[in-house]
Amino acid sequence: MVSEEEKKRRQSAAAATEAGESVNESLRALGETYQKPSAYTGNRKLYDSPRAKVSAKKEAFKSGEVHDPYTEKQLVLRKQDAKVQYGEHWQEHLAEADHTIPIERVHETYKDDAWVTNENLRDAANSDENIRVTSRKVNNAKRSRTNEELVDDAAYLEDKGIRIDEKGKARARSDSEKAREHIDEKIRRDKVQNVAGAFHRAGTQTAIQAGGVTAALSTMDNMAAVIRGDKTPTEALKDIAADTGGAAVSGYVIGGGVSVVAHTLSTSSSPFVQNLVKSNVPGKVVTAVMATGKTLKKYASGEITTEECILELGASGVSTVTTGYTAAVGQALIPIPFVGAAVGAMFGTAVSGALYHSFKESMERANLAREEYERVRAAADVSMA
(Lines give C-alpha, C1' and ligand atoms only; values in the text may rest on other atoms or scores of the structure.)
Protein backbone atom coordinates (compact mmCIF):
# COMPACT_ATOMS: atom_id res chain seq x y z
CA MET A 1 0.00 0.00 0.00
CA VAL A 2 1.24 3.47 -0.90
CA SER A 3 2.07 5.57 2.16
CA GLU A 4 0.41 8.92 2.86
CA GLU A 5 3.77 10.62 2.45
CA GLU A 6 4.22 9.09 -0.98
CA LYS A 7 0.73 10.20 -1.99
CA LYS A 8 1.53 13.75 -0.94
CA ARG A 9 4.72 13.71 -2.97
CA ARG A 10 2.82 12.41 -5.96
CA GLN A 11 0.26 15.17 -5.62
CA SER A 12 3.01 17.80 -5.29
CA ALA A 13 4.83 16.51 -8.35
CA ALA A 14 1.67 16.52 -10.46
CA ALA A 15 0.70 20.01 -9.26
CA ALA A 16 4.24 21.26 -9.89
CA THR A 17 4.21 19.95 -13.45
CA GLU A 18 0.88 21.61 -14.18
CA ALA A 19 2.08 24.85 -12.58
CA GLY A 20 5.23 24.87 -14.71
CA GLU A 21 3.23 24.42 -17.91
CA SER A 22 0.85 27.17 -16.82
CA VAL A 23 3.71 29.61 -16.25
CA ASN A 24 5.21 28.88 -19.65
CA GLU A 25 1.82 29.45 -21.26
CA SER A 26 1.43 32.74 -19.37
CA LEU A 27 4.84 33.86 -20.60
CA ARG A 28 3.92 33.06 -24.20
CA ALA A 29 0.76 35.14 -23.82
CA LEU A 30 2.68 38.01 -22.21
CA GLY A 31 5.20 37.94 -25.04
CA GLU A 32 2.42 38.43 -27.58
CA THR A 33 0.67 41.13 -25.54
CA TYR A 34 3.79 43.26 -25.06
CA GLN A 35 5.44 42.74 -28.44
CA LYS A 36 6.37 46.03 -30.10
CA PRO A 37 8.16 46.97 -33.34
CA SER A 38 11.90 47.17 -32.81
CA ALA A 39 12.07 50.34 -34.93
CA TYR A 40 9.61 53.13 -35.64
CA THR A 41 9.14 53.34 -39.39
CA GLY A 42 6.41 55.95 -39.55
CA ASN A 43 3.71 53.43 -38.73
CA ARG A 44 1.14 56.07 -37.89
CA LYS A 45 -1.75 53.61 -38.07
CA LEU A 46 -0.35 51.83 -35.03
CA TYR A 47 0.42 54.84 -32.86
CA ASP A 48 -1.24 57.94 -34.28
CA SER A 49 -4.79 59.13 -33.54
CA PRO A 50 -6.32 61.52 -36.09
CA ARG A 51 -9.38 61.76 -33.88
CA ALA A 52 -7.31 63.11 -30.98
CA LYS A 53 -5.86 65.85 -33.19
CA VAL A 54 -9.24 66.83 -34.61
CA SER A 55 -10.63 66.97 -31.08
CA ALA A 56 -7.73 69.19 -29.95
CA LYS A 57 -8.41 71.69 -32.73
CA LYS A 58 -12.13 71.80 -32.03
CA GLU A 59 -11.48 72.30 -28.33
CA ALA A 60 -8.99 75.13 -29.03
CA PHE A 61 -11.42 77.08 -31.21
CA LYS A 62 -14.28 76.85 -28.72
CA SER A 63 -12.89 79.83 -26.82
CA GLY A 64 -12.72 82.15 -29.84
CA GLU A 65 -9.47 83.42 -31.36
CA VAL A 66 -6.56 81.01 -31.47
CA HIS A 67 -2.90 81.97 -31.84
CA ASP A 68 0.18 79.89 -32.52
CA PRO A 69 1.70 79.46 -29.03
CA TYR A 70 5.23 80.05 -30.33
CA THR A 71 4.98 82.56 -33.24
CA GLU A 72 1.83 84.21 -31.79
CA LYS A 73 0.31 84.47 -35.28
CA GLN A 74 -3.47 84.16 -35.42
CA LEU A 75 -4.77 80.81 -36.64
CA VAL A 76 -7.86 79.81 -38.61
CA LEU A 77 -9.50 76.43 -38.68
CA ARG A 78 -10.11 75.91 -42.40
CA LYS A 79 -7.55 75.89 -45.21
CA GLN A 80 -9.87 77.82 -47.53
CA ASP A 81 -10.26 80.62 -45.01
CA ALA A 82 -6.50 80.77 -44.45
CA LYS A 83 -5.83 81.20 -48.17
CA VAL A 84 -8.52 83.87 -48.53
CA GLN A 85 -7.34 85.88 -45.52
CA TYR A 86 -3.57 85.48 -45.75
CA GLY A 87 -2.75 84.65 -49.38
CA GLU A 88 0.70 83.14 -49.89
CA HIS A 89 1.34 83.21 -46.12
CA TRP A 90 -1.63 80.97 -45.43
CA GLN A 91 0.51 78.15 -43.94
CA GLU A 92 1.58 80.48 -41.12
CA HIS A 93 -2.09 80.82 -40.11
CA LEU A 94 -3.69 77.42 -40.79
CA ALA A 95 -4.26 75.54 -37.54
CA GLU A 96 -2.85 72.03 -37.23
CA ALA A 97 -2.49 69.75 -34.23
CA ASP A 98 0.42 67.44 -33.64
CA HIS A 99 2.50 65.85 -30.91
CA THR A 100 4.74 67.95 -28.69
CA ILE A 101 6.87 64.87 -28.00
CA PRO A 102 6.99 63.11 -31.39
CA ILE A 103 5.53 59.62 -31.59
CA GLU A 104 8.89 58.32 -32.77
CA ARG A 105 10.55 59.59 -29.58
CA VAL A 106 7.87 58.03 -27.38
CA HIS A 107 8.34 54.71 -29.13
CA GLU A 108 12.14 54.89 -28.92
CA THR A 109 11.98 55.58 -25.18
CA TYR A 110 9.68 52.68 -24.29
CA LYS A 111 10.04 50.12 -27.09
CA ASP A 112 12.21 47.83 -24.94
CA ASP A 113 10.10 48.10 -21.80
CA ALA A 114 8.66 44.68 -20.99
CA TRP A 115 5.51 46.12 -19.39
CA VAL A 116 4.42 48.71 -21.96
CA THR A 117 1.97 47.78 -24.73
CA ASN A 118 1.43 49.42 -28.10
CA GLU A 119 -1.88 50.70 -26.73
CA ASN A 120 -0.09 52.32 -23.78
CA LEU A 121 2.25 54.13 -26.20
CA ARG A 122 -0.64 55.23 -28.39
CA ASP A 123 -2.66 56.57 -25.45
CA ALA A 124 0.32 58.42 -23.97
CA ALA A 125 1.44 59.94 -27.27
CA ASN A 126 -2.08 61.12 -28.12
CA SER A 127 -3.06 62.43 -24.69
CA ASP A 128 -4.33 66.00 -24.48
CA GLU A 129 -1.15 67.07 -22.68
CA ASN A 130 1.00 66.00 -25.64
CA ILE A 131 -0.99 67.62 -28.44
CA ARG A 132 -0.56 71.29 -29.30
CA VAL A 133 -2.38 73.39 -31.90
CA THR A 134 0.20 75.32 -33.97
CA SER A 135 0.46 76.61 -37.53
CA ARG A 136 1.03 74.28 -40.47
CA LYS A 137 4.36 76.01 -41.12
CA VAL A 138 5.66 75.32 -37.62
CA ASN A 139 4.23 71.78 -37.62
CA ASN A 140 5.79 70.88 -40.98
CA ALA A 141 9.16 72.21 -39.86
CA LYS A 142 9.03 70.36 -36.56
CA ARG A 143 8.31 66.87 -37.96
CA SER A 144 10.08 64.36 -35.68
CA ARG A 145 12.07 67.02 -33.81
CA THR A 146 11.42 67.86 -30.20
CA ASN A 147 10.48 71.45 -29.33
CA GLU A 148 13.97 72.01 -27.97
CA GLU A 149 15.61 70.77 -31.16
CA LEU A 150 13.38 73.04 -33.22
CA VAL A 151 13.68 76.33 -31.37
CA ASP A 152 17.38 75.95 -30.49
CA ASP A 153 18.42 75.53 -34.15
CA ALA A 154 18.58 79.13 -35.35
CA ALA A 155 19.95 78.20 -38.79
CA TYR A 156 17.13 75.73 -39.38
CA LEU A 157 14.45 78.23 -38.34
CA GLU A 158 15.92 80.83 -40.64
CA ASP A 159 16.04 78.35 -43.52
CA LYS A 160 12.35 77.53 -42.97
CA GLY A 161 11.40 81.20 -42.63
CA ILE A 162 10.09 80.85 -39.10
CA ARG A 163 10.55 83.60 -36.55
CA ILE A 164 10.15 82.73 -32.88
CA ASP A 165 11.14 85.22 -30.19
CA GLU A 166 12.67 84.27 -26.84
CA LYS A 167 9.28 84.23 -25.15
CA GLY A 168 7.98 81.77 -27.72
CA LYS A 169 11.07 79.59 -27.40
CA ALA A 170 10.70 79.48 -23.62
CA ARG A 171 7.06 78.46 -24.03
CA ALA A 172 8.06 75.71 -26.47
CA ARG A 173 10.61 74.30 -24.04
CA SER A 174 8.12 74.46 -21.18
CA ASP A 175 5.44 72.65 -23.22
CA SER A 176 7.96 69.94 -24.08
CA GLU A 177 8.99 69.43 -20.47
CA LYS A 178 5.39 69.23 -19.25
CA ALA A 179 4.42 66.81 -22.01
CA ARG A 180 7.40 64.56 -21.26
CA GLU A 181 6.58 64.52 -17.55
CA HIS A 182 2.98 63.66 -18.29
CA ILE A 183 3.93 60.81 -20.64
CA ASP A 184 6.42 59.39 -18.14
CA GLU A 185 3.84 59.48 -15.35
CA LYS A 186 1.11 57.95 -17.49
CA ILE A 187 3.37 55.15 -18.65
CA ARG A 188 4.47 54.55 -15.06
CA ARG A 189 0.85 54.15 -13.93
CA ASP A 190 0.09 51.88 -16.87
CA LYS A 191 3.07 49.69 -16.02
CA VAL A 192 1.97 49.30 -12.41
CA GLN A 193 -1.49 48.20 -13.57
CA ASN A 194 -0.04 45.90 -16.21
CA VAL A 195 2.29 44.14 -13.76
CA ALA A 196 -0.47 43.72 -11.18
CA GLY A 197 -2.86 42.39 -13.80
CA ALA A 198 -0.29 39.98 -15.21
CA PHE A 199 0.57 38.67 -11.74
CA HIS A 200 -3.07 38.05 -10.95
CA ARG A 201 -3.92 36.40 -14.26
CA ALA A 202 -0.83 34.16 -14.28
CA GLY A 203 -1.27 33.34 -10.59
CA THR A 204 -4.95 32.54 -11.00
CA GLN A 205 -4.34 30.29 -14.00
CA THR A 206 -1.52 28.47 -12.22
CA ALA A 207 -3.67 28.08 -9.09
CA ILE A 208 -6.51 26.61 -11.16
CA GLN A 209 -4.28 24.08 -12.90
CA ALA A 210 -2.23 23.12 -9.84
CA GLY A 211 -5.32 22.97 -7.65
CA GLY A 212 -7.28 21.02 -10.25
CA VAL A 213 -4.82 18.16 -10.64
CA THR A 214 -4.26 18.05 -6.87
CA ALA A 215 -8.01 17.91 -6.27
CA ALA A 216 -8.35 15.00 -8.70
CA LEU A 217 -5.54 12.97 -7.14
CA SER A 218 -6.53 13.82 -3.58
CA THR A 219 -10.14 12.85 -4.29
CA MET A 220 -9.11 9.44 -5.62
CA ASP A 221 -6.78 8.78 -2.71
CA ASN A 222 -9.23 9.93 -0.07
CA MET A 223 -12.22 8.10 -1.53
CA ALA A 224 -10.13 4.94 -1.55
CA ALA A 225 -9.31 5.58 2.12
CA VAL A 226 -13.03 5.94 2.90
CA ILE A 227 -13.84 2.68 1.11
CA ARG A 228 -11.12 0.89 3.08
CA GLY A 229 -12.46 2.38 6.28
CA ASP A 230 -9.28 4.31 7.03
CA LYS A 231 -11.12 7.64 6.99
CA THR A 232 -14.60 8.96 7.50
CA PRO A 233 -16.24 10.94 4.66
CA THR A 234 -15.88 14.12 6.70
CA GLU A 235 -12.16 13.54 7.22
CA ALA A 236 -11.71 12.80 3.53
CA LEU A 237 -13.46 15.99 2.47
CA LYS A 238 -11.34 18.04 4.85
CA ASP A 239 -8.14 16.49 3.48
CA ILE A 240 -9.23 17.07 -0.12
CA ALA A 241 -9.96 20.73 0.65
CA ALA A 242 -6.62 21.15 2.45
CA ASP A 243 -4.62 19.53 -0.36
CA THR A 244 -6.38 21.51 -3.07
CA GLY A 245 -6.20 24.81 -1.20
CA GLY A 246 -2.51 24.42 -0.42
CA ALA A 247 -1.64 23.67 -4.04
CA ALA A 248 -3.77 26.54 -5.31
CA VAL A 249 -2.23 29.08 -2.92
CA SER A 250 1.30 27.97 -3.77
CA GLY A 251 0.44 28.01 -7.47
CA TYR A 252 -0.96 31.53 -7.29
CA VAL A 253 2.01 33.05 -5.49
CA ILE A 254 4.77 31.18 -7.30
CA GLY A 255 3.08 31.24 -10.71
CA GLY A 256 2.33 34.94 -10.58
CA GLY A 257 5.74 35.87 -9.20
CA VAL A 258 7.82 33.82 -11.61
CA SER A 259 5.76 34.98 -14.60
CA VAL A 260 6.31 38.63 -13.72
CA VAL A 261 10.04 38.22 -13.08
CA ALA A 262 10.62 36.07 -16.16
CA HIS A 263 8.74 38.43 -18.49
CA THR A 264 10.67 41.37 -17.06
CA LEU A 265 13.91 39.56 -17.88
CA SER A 266 12.70 38.68 -21.39
CA THR A 267 13.86 42.10 -22.63
CA SER A 268 17.25 41.84 -20.92
CA SER A 269 20.25 42.91 -22.96
CA SER A 270 21.79 39.52 -22.17
CA PRO A 271 21.12 36.87 -24.86
CA PHE A 272 21.71 34.21 -22.19
CA VAL A 273 18.86 35.51 -20.02
CA GLN A 274 16.57 35.93 -23.03
CA ASN A 275 17.23 32.33 -24.05
CA LEU A 276 16.43 31.10 -20.55
CA VAL A 277 12.95 32.55 -20.87
CA LYS A 278 12.48 31.30 -24.43
CA SER A 279 13.61 27.80 -23.43
CA ASN A 280 10.81 27.37 -20.88
CA VAL A 281 13.25 27.51 -17.97
CA PRO A 282 10.83 29.57 -15.80
CA GLY A 283 8.28 26.76 -15.95
CA LYS A 284 10.94 24.25 -14.94
CA VAL A 285 11.88 26.47 -12.01
CA VAL A 286 8.27 26.56 -10.83
CA THR A 287 8.03 22.79 -11.17
CA ALA A 288 11.22 22.26 -9.17
CA VAL A 289 10.32 24.73 -6.42
CA MET A 290 6.85 23.32 -5.88
CA ALA A 291 8.04 19.72 -6.09
CA THR A 292 11.01 20.05 -3.72
CA GLY A 293 9.97 22.89 -1.44
CA LYS A 294 8.37 20.74 1.28
CA THR A 295 11.32 18.37 1.41
CA LEU A 296 13.85 21.18 1.74
CA LYS A 297 11.72 22.80 4.43
CA LYS A 298 11.68 19.57 6.45
CA TYR A 299 15.44 19.23 6.07
CA ALA A 300 16.01 22.84 7.17
CA SER A 301 13.90 22.30 10.29
CA GLY A 302 15.76 19.08 11.17
CA GLU A 303 12.83 16.73 10.59
CA ILE A 304 14.81 14.55 8.18
CA THR A 305 18.50 13.68 7.78
CA THR A 306 20.73 14.61 4.87
CA GLU A 307 20.46 11.07 3.51
CA GLU A 308 16.67 11.13 3.75
CA CYS A 309 16.55 14.55 2.12
CA ILE A 310 18.63 13.47 -0.88
CA LEU A 311 16.70 10.25 -1.36
CA GLU A 312 13.37 12.02 -1.00
CA LEU A 313 14.32 14.73 -3.49
CA GLY A 314 15.35 12.24 -6.13
CA ALA A 315 17.58 12.93 -9.11
CA SER A 316 15.57 15.90 -10.43
CA GLY A 317 15.37 17.54 -7.04
CA VAL A 318 19.07 17.14 -6.34
CA SER A 319 19.83 18.57 -9.77
CA THR A 320 17.69 21.62 -9.01
CA VAL A 321 19.31 22.36 -5.66
CA THR A 322 22.86 21.68 -6.88
CA THR A 323 22.41 23.77 -10.01
CA GLY A 324 21.18 26.73 -7.99
CA TYR A 325 24.15 26.49 -5.63
CA THR A 326 26.77 26.11 -8.36
CA ALA A 327 25.21 28.97 -10.30
CA ALA A 328 25.76 31.24 -7.30
CA VAL A 329 29.33 30.01 -6.88
CA GLY A 330 30.02 30.48 -10.58
CA GLN A 331 28.75 34.04 -10.46
CA ALA A 332 31.03 34.79 -7.50
CA LEU A 333 34.08 33.31 -9.22
CA ILE A 334 33.32 34.87 -12.61
CA PRO A 335 31.87 38.33 -11.81
CA ILE A 336 30.57 38.94 -15.31
CA PRO A 337 26.79 39.40 -15.33
CA PHE A 338 25.08 36.05 -16.08
CA VAL A 339 28.26 34.42 -17.49
CA GLY A 340 29.45 33.07 -14.15
CA ALA A 341 25.95 31.87 -13.28
CA ALA A 342 25.66 30.13 -16.64
CA VAL A 343 28.98 28.30 -16.22
CA GLY A 344 28.12 27.30 -12.65
CA ALA A 345 24.65 26.13 -13.61
CA MET A 346 25.94 24.00 -16.46
CA PHE A 347 28.56 22.43 -14.17
CA GLY A 348 25.97 21.73 -11.48
CA THR A 349 23.60 20.13 -13.96
CA ALA A 350 26.37 17.94 -15.38
CA VAL A 351 27.58 16.52 -12.07
CA SER A 352 24.44 16.40 -9.93
CA GLY A 353 22.78 13.49 -11.71
CA ALA A 354 25.89 11.34 -11.54
CA LEU A 355 26.46 12.23 -7.88
CA TYR A 356 22.89 11.37 -6.95
CA HIS A 357 22.94 7.98 -8.64
CA SER A 358 26.34 7.18 -7.11
CA PHE A 359 25.03 8.14 -3.68
CA LYS A 360 21.89 6.07 -4.14
CA GLU A 361 23.85 3.02 -5.25
CA SER A 362 26.18 3.41 -2.26
CA MET A 363 23.22 3.67 0.10
CA GLU A 364 21.65 0.56 -1.40
CA ARG A 365 24.91 -1.39 -1.10
CA ALA A 366 25.33 -0.20 2.50
CA ASN A 367 21.80 -1.29 3.36
CA LEU A 368 22.36 -4.69 1.77
CA ALA A 369 25.64 -5.08 3.64
CA ARG A 370 23.94 -4.16 6.92
CA GLU A 371 21.17 -6.66 6.29
CA GLU A 372 23.70 -9.38 5.46
CA TYR A 373 25.66 -8.55 8.61
CA GLU A 374 22.53 -8.82 10.73
CA ARG A 375 21.64 -12.16 9.09
CA VAL A 376 25.14 -13.60 9.69
CA ARG A 377 25.20 -12.32 13.25
CA ALA A 378 21.82 -13.85 13.98
CA ALA A 379 22.96 -17.17 12.51
CA ALA A 380 26.12 -17.06 14.60
CA ASP A 381 24.16 -16.39 17.79
CA VAL A 382 21.98 -19.38 17.06
CA SER A 383 24.94 -21.68 16.40
CA MET A 384 26.67 -20.63 19.60
CA ALA A 385 23.61 -21.07 21.75
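At what angle do helix α10 and helix α11 pack, and how far apart are their axes? In this predicted model, helix α10 spans residues 166-228 and helix α11 spans residues 233-265. The angle at which they pack is about 155 degrees, and their axes lie 6 Å apart. Angles over 145 degrees count as roughly antiparallel, and α10 and α11 are therefore roughly antiparallel to each other. The crossing in which α10 passes α11 is right-handed. The residues of this contact comprise 16 nonpolar, 15 polar and 2 charged.

The chain as a whole contains 15 helices and 4 strands. It has 385 residues, of which 39% count as buried. Among the contacts in the chain with a separation of 6 or more, 71% are accounted for by residues 24 or more positions apart.

Asp 98 is placed in strand β3, which covers residues 95-99. The side chain of Asp 98 is joined to that of His 99 by a polar contact of 2.8 Å. When residues up to four places away in sequence are not counted, Asp 98 touches Arg 44, Lys 53, Asn 130, Ile 131, Arg 132 and Asn 139.

Asn 126 is found in a loop, between α6 (118-125) and β4 (131-135). A polar atom of the Asn 126 side chain lies 2.7 Å from the backbone oxygen of Tyr 47. Tyr 47 is likewise one of the residues that Asn 126 touches, the others being Asp 48, Ser 49, Ala 52, His 99 and Ile 131, with residues up to four places away in sequence not counted. Asn 126 and Lys 53 are 73 residues apart along the chain, and 7.9 Å separates their C-alpha atoms.

Note on methods
Residues are numbered from 1 along each chain as its sequence is written. This is a predicted model: local features need pLDDT of at least 70, side-chain atom pairs count only at pLDDT 80 or more; totals for chains, interfaces and linings use all residues. Side-chain values use heavy atoms; hydrogens and water are left out. Axes are lines fitted to C-alpha atoms, for helices over the stretch in contact, and angles run from 0 to 180 degrees between N-to-C directions. Helices (H or I, at least four residues) and strands (E, at least two) are DSSP runs, numbered from the N terminus. Angles under 35 degrees count as roughly parallel, over 145 as roughly antiparallel, 65 to 115 as roughly perpendicular and the rest as oblique. A crossing is left-handed if the near helix is turned anticlockwise from the far one by less than a right angle, and right-handed if clockwise. Ala, Val, Leu, Ile, Met, Phe, Trp, Tyr, Cys and Pro count as nonpolar, Asp, Glu, Lys and Arg as charged, and the others, Gly among them, as polar. A polar contact is a pair of N or O atoms within 3.5 Å; within protein, one must be able to donate a hydrogen and the other to accept it, and residues adjacent in sequence count only if both atoms are side-chain atoms. Contact means heavy atoms within 4.5 Å. Buried means under 20% relative accessible area, exposed over 50%, partly exposed in between (1.4 Å probe, protein chains only).
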